[in-house]
Amino acid sequence: MSTATPQKFEFQAEIKQLLDIVIHSLYTEKEIFIRELVSNASDALEKIRHTQITEKDIADDQLTLEINVTTDDKAKTITIVDSGIGMTRAELIENLGTIAHSGSKQFLKALGEGGAKNSNLIGQFGVGFYSAFMVAKGVKVYSRSWKKSEPAHVWTSDGSGSYEIEEVADQTRGSRIVIELKDDCGDYADEHKVKEILERYSAFVSFPINLNGKHVNTVQALWLRSKNEIKDEEYTEFYKFQAHAFDEPRLRLHFSADAPLAINALLFLPKENTEKMGFARTEPSVSLYCRKVMIDAKPKDLLPEWLRFLKGVVDSEDLPLNISRETMQDRALIEKLNKVITKRFLKFLEEEAKNHADAYTEFYQEFGIFLKEGAAMDFAHKDQITKLLRFESSLTEKGKATSFADYVTRMGADQKEIYYLVGPNRAAIESGPYLEAFKARNLEVLFCYEAVDEYVMGNVREFDGKKLVGADHSDVKLTDLPKAEGSLGEEDTKKLTSWLKETLGDRVTEVKASDRLVDSPALALNADKFMTPQMRRMMKAMNKEGADSPTRVTLEINPRSAVMKRLFETHSAAPEKAKLVAEQILDNALISAGLLDDPTSMVARLYKLLETV
Ligand code: ADP
Ligand code: MG
């Protein structure tokens, strides 16, 4: 029963403009109006909780602090009720008729800065209360202030330029917002749909939300609680709920920071790397929240690409504050968040590697590929990430890995560079011809088994001021070893190398006696530093130009090897047979280098050689 007649008001000009955009926008995710109204309800409850501490005389002080959402599928309405602080008549006019408040003001500013056609802005900032008009024919706001002397009112509008305010009886403290849905928005009166929306955006609101009498937000915003109060099972339950995951989290990082930004974050590493299992590229899925209300489920730039395997939540109070102070500075803000979180996460991994080496190893086996991607591509964090990389080496046992830092501690005083070899596995590298020179000189070589490693090493370039050098690169300079007994003499070696160059012709750029071979007869070194075998294979796979140009290598021979001594004898005695042997030695060297593209001619030649046995 109203005691006064309804009074009509015009909306402020800016609000008219805003309503016009909202009502006619083609923004597809209209559902965010629920998020906006629920967070307003939550704000109002937060305010009454605060007021209850500072004030004594509060209307309906016994009310439970909660949010009740009801849907009426027949009447096509959705109603959102809170027992919060409520609004007086003056506050209804001030808050819902003018543009004094944060969210919508921000929206209008952004529009002014050239966003007029970008209906996505609605989703980014929310347009607060007015988003209701995306779906509403009419909105009624019943509200009663906490101040006992203030009567309750209903605010009514169809969003077309004016609103009415009238006094009402029968309204307890708080607000009741009744939305009469447009004909094509009737599904927001469907309980299932609304439940889904509440769970998506408002799952962590601190006050109970009941939908048609049933409690829907049962999971807590764990990230805001103190670490030592939370049990492992709670973390696991939260992970499964938030990340829609079925596994148990492998590791977690729960932290907060105050400067340079207020951040509460709870990050999870899943058990398995689904990309490795052959599933599609993982989408970044750490969600961005502001005070428990979701802003974006999959923000693109919140974390660097290579951290796309992380799950969890980042909550920053500074988000809306900063946004309203410096319009459209949200990019810079997200970048700041990105920096802080990435640094913190890398520090966490460093600690894990130090304190829980086994768990780190397991993590690395599964997710190391992402770290490699980061080391190669994320220039800002390269040094920190490089410390986290692990490789087997000529000094580790099979299956045990070492870090660059540990490698450096084992380097001799004369060693200036860090050596590595790329190959399909340990056995292949150990039996290839490249390692022996390093072994003979007690130089450690890192073993790289993944196709991307050559690229990663090339991009990382150095560690602790020491260059990373492929042990099969032609410009590696090694110290002299004492001359072994039973070697071909210098003269004979010279004769043999020039004969080999002549015989092999264009297939080699140079043939020379090797200072690095100990047991193997010969090895091939890339003449072209930039076209590594891995690179060639990649280019071939991509059908790139240059991949088919004939491989030209430097052939290094071992004058101590029995094969070479024998070849020296044969090359004058039986030049035809010696030619076949020379070709075969080159092919063998190419195979070890991963450079032999087509083995068919080699097989034919081998049979010819076998005939002569
Ligand atoms: P914002 O929430 O960013 O301030 P909104 O458009 O969502 O902007 O809301 C405008 C204002 O209306 C709020 O600041 C608040 O003062 C008031 N308001 C909205 N909903 C409620 C509510 N349920 N209870 C009390 N006040 C409310
Ligand atoms: Mg709001």
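Me: Let's start with cysteines. Is Cys 290 buried or exposed?

Reply: Cys 290 is buried, at 9% relative accessible area. Cys 448 is buried too, at 0%. Bear in mind that this is a predicted model.

Me: How many disulfides are there?

Reply: The count is 0 disulfides.

Me: OK, overall makeup. How many helices and strands does the chain have?

Reply: The protein chain has 20 helices and 22 strands. It runs to 613 residues, and 50% of them are buried. Among contacts with a separation of 6 or more, 71% join residues 24 or more positions apart.

Me: Which residues touch the most other members in the largest nonpolar core?

Reply: Ile 263, Val 314, Leu 337, Phe 363 and Leu 371 do, in a core of 96 residues. Helix H9, residues 330-355, gives the most to this core, with 10 residues. Apart from it lies another core of 74 residues, including Phe 33, Ile 85, Val 219 and Phe 268.

Me: Why would residues like that group together?

Reply: In soluble globular proteins, nonpolar side chains tend to be buried together.

Me: Back to Ile 263. What is Ile 263 in contact with, beyond its neighbours within four places in sequence?

Reply: Its contacts include Val 314 and Leu 337. Phe 255, Ser 256, Ala 257, Asp 315, Val 340 and Ile 341 are on the list as well.

Me: Switching to pockets. What lines the second largest pocket?

Reply: The lining has 35 residues, with Thr 361, Tyr 364, Arg 390, Phe 391 and Ala 401 nearest the centre. The pocket holds about 930 Å³ of space. By class, the lining is 12 nonpolar, 7 polar and 16 charged.

Me: Which helix supplies the largest share of that lining?

Reply: H10 does, with 10 residues. H9, H10 (357-377), H12 (404-410) and strand S17 (445-448) each supply at least two.

Me: Now Arg 225. Where is Arg 225?

Reply: Arg 225 sits in the loop between strand S9 (214-215) and helix H7 (232-242). Arg 225 counts as partly exposed because its relative accessibility is 22%, and buried means under 20%. Not counting residues up to four places away in sequence, Arg 225 touches Gln 220, Ile 230, Glu 234 and His 254.

Me: What about phi at Asp 170 and His 244?

Reply: Asp 170 has a positive phi of about 60°. His 244 has a positive phi of about 50°. Neither Asp 170 nor His 244 is a glycine.

Me: Where do Asp 170 and His 244 lie?

Reply: Asp 170 is in the loop between strands S6 (162-168) and S7 (174-181). His 244 is in the loop between H7 and S10. Asp 170 is exposed at 76% relative accessible area. His 244 is exposed at 66%.

Note on methods:
Residues numbered from 1 in each chain as written. Chains lettered and ligands numbered in written order. Predicted model: local features only at pLDDT ≥ 70, side-chain atom pairs only at ≥ 80, totals over all residues. Heavy atoms only, no water. Disulfide = S-S within 2.5 Å. Buried < 20%, exposed > 50% of the residue type's maximum accessible area, 1.4 Å probe, protein only. Core = buried A, V, L, I, M, F, W, Y, C linked by side-chain atoms within 4.5 Å. Helix = DSSP H or I, 4+ residues; strand = E, 2+ residues; numbered from the N terminus. Contact = heavy atoms within 4.5 Å. 1 Å grid on protein atoms, 1.4 Å probe; cavity = no way out; pocket = protein on both sides within 12 Å on 5 of 7 lines; lining within 4 Å. Points joined across faces, edges and corners; volume = space filled by probe spheres on them. Nonpolar A, V, L, I, M, F, W, Y, C, P; charged D, E, K, R; others polar.
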